[in-house]
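Subject: The structure I promised you

Hi there,

Here is the structure we talked about, with the sequence alongside. Have a look at it first, and then read on for what turned up.

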Amino acid sequence: MVTSMHSPQFIYKVASREIYEASLAAGSFVGQPIDLKDGYIHFSTAAQLGETIRLYFAGLGDQVLFQVPATPLGDALKWEASRGGDLFPHLFAQLSMTSVSNMARLDVPADGLVTLPDWVK
């Protein structure tokens with residue numbers, strides 16, 4: 001199900017440091033393997049982020065969390081039902097790395113529980 005909804009101020013993405021750095025060099029986000037497979041960029045809201053990290057990044061070091069303002073993404077940002085029917089933000093467009101407003105490196109412990117930066121809201 002694809003729907004439009006009122007966007008939060010920011011959305012969040014976790015990527016490997018290698019992919020993040022390649023994206024900076026390219027000028028736009030080159031995509032995690034799941035993004036490339038699905039044909040869009042998977043994001044999470046602040047409320048969804050902890051569970052996304054726990055489920056998909058547990059035990060992975062050398063990751064980067066980054067924040068992107070949602071409103072400038074316009075109609076390319078779609079909300080699709082995913083985990084438990086919750087609507088997740090998916091970007092059906094290129095993401096310029098100049099859009100990134102904050103970033104932090106993450107080493108995710110095996111249990112997947114991390115303390116998120118203050119700017120995640």
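To start with a question: how many of the seven residues of S4 are buried? This is a predicted model, and in it six of the seven are buried, so S4 is largely enclosed by the rest of the structure.

Strand S4 covers residues 63-69 and belongs to an open sheet of three strands, ordered S2-S4-S7 and paired in the antiparallel sense. Strand S2 (10-16) and strand S7 (102-106) are at the edges; each has a single partner strand, so one side of each is left without a neighbour in the sheet. On average, neighbouring strands here are turned by 20° against each other, direction ignored.

If you want to trace the pairing by eye, S2 and S4 are linked by seven bridges. As a reminder, strands of a sheet pair through backbone hydrogen bonds, either parallel or antiparallel.

The loop between H3 and S4 holds Asp62, which is worth a click. Phi of Asp62 is near 60°, a positive value in a residue other than glycine. In general, most residues other than glycine have a negative phi. With a relative accessibility of 35%, Asp62 counts as partly exposed.

**The hairpin**

Strand S5 (residues 77-81) and S6 run antiparallel and are joined by five bridges. Together S5 and S6 form a hairpin with five residues between them, and Gly84 in the turn has a positive phi of about 65°. Ala81 finds its bridge partner in Leu87 of S6.

Beyond residues up to four places away in sequence, Leu91 touches Tyr40, Ile41, Phe43, Leu73, Ala76 and Leu77. Ala76 is 15 residues from Leu91 along the chain, and their C-alpha atoms are separated by 5.7 Å.

**Two buried loop residues**

Gln32 sits in the loop between helix H1 (17-26) and helix H2 (33-38). What makes Gln32 count as buried? Its relative accessibility is 9%, and the cut-off for buried is under 20%. A polar atom of the Gln32 side chain lies 3.1 Å from the backbone nitrogen of Ser16. Ser16 is also among the residues that Gln32 touches outside its sequence neighbourhood of up to four places, along with Lys13, Val14, Ala15, Ile19 and Phe57.

Thr45 is in the loop between strand S3 (41-42) and H3. Thr45 is buried too, with a relative accessible area of 13%. Leaving aside neighbours within four places in sequence, Thr45 is in contact with Pro8, Tyr12, Trp79 and Pro89. The C-alpha atoms of Thr45 and Leu91 are separated by 13 Å, with the two residues 46 apart along the chain.

**The largest pocket**

Last, the space left open. Rolling a probe the size of a water molecule over the atoms shows where empty space is left. The largest pocket has a volume of about 380 Å³. Which residues are the closest to its centre? They are Lys13, Ile34, His42, Thr52 and Tyr56, out of 19 residues that line this pocket. S2, H2, H3 and strand S6 (87-91) are the elements that give two or more residues to the lining.

Best wishes

Key
Residues numbered from 1 in each chain as written. Predicted model: local features only at pLDDT ≥ 70, side-chain atom pairs only at ≥ 80, totals over all residues. Heavy atoms only, no water. Helix = DSSP H or I, 4+ residues; strand = E, 2+ residues; numbered from the N terminus. Buried < 20%, exposed > 50% of the residue type's maximum accessible area, 1.4 Å probe, protein only. Polar contact = N/O pair within 3.5 Å; in protein donor to acceptor, adjacent residues only side chain to side chain. Contact = heavy atoms within 4.5 Å. Pairing = 2+ DSSP bridges. Axes fitted to C-alpha atoms, helices over the stretch in contact; angles between N-to-C directions. 1 Å grid on protein atoms, 1.4 Å probe; cavity = no way out; pocket = protein on both sides within 12 Å on 5 of 7 lines; lining within 4 Å. Points joined across faces, edges and corners; volume = space filled by probe spheres on them.
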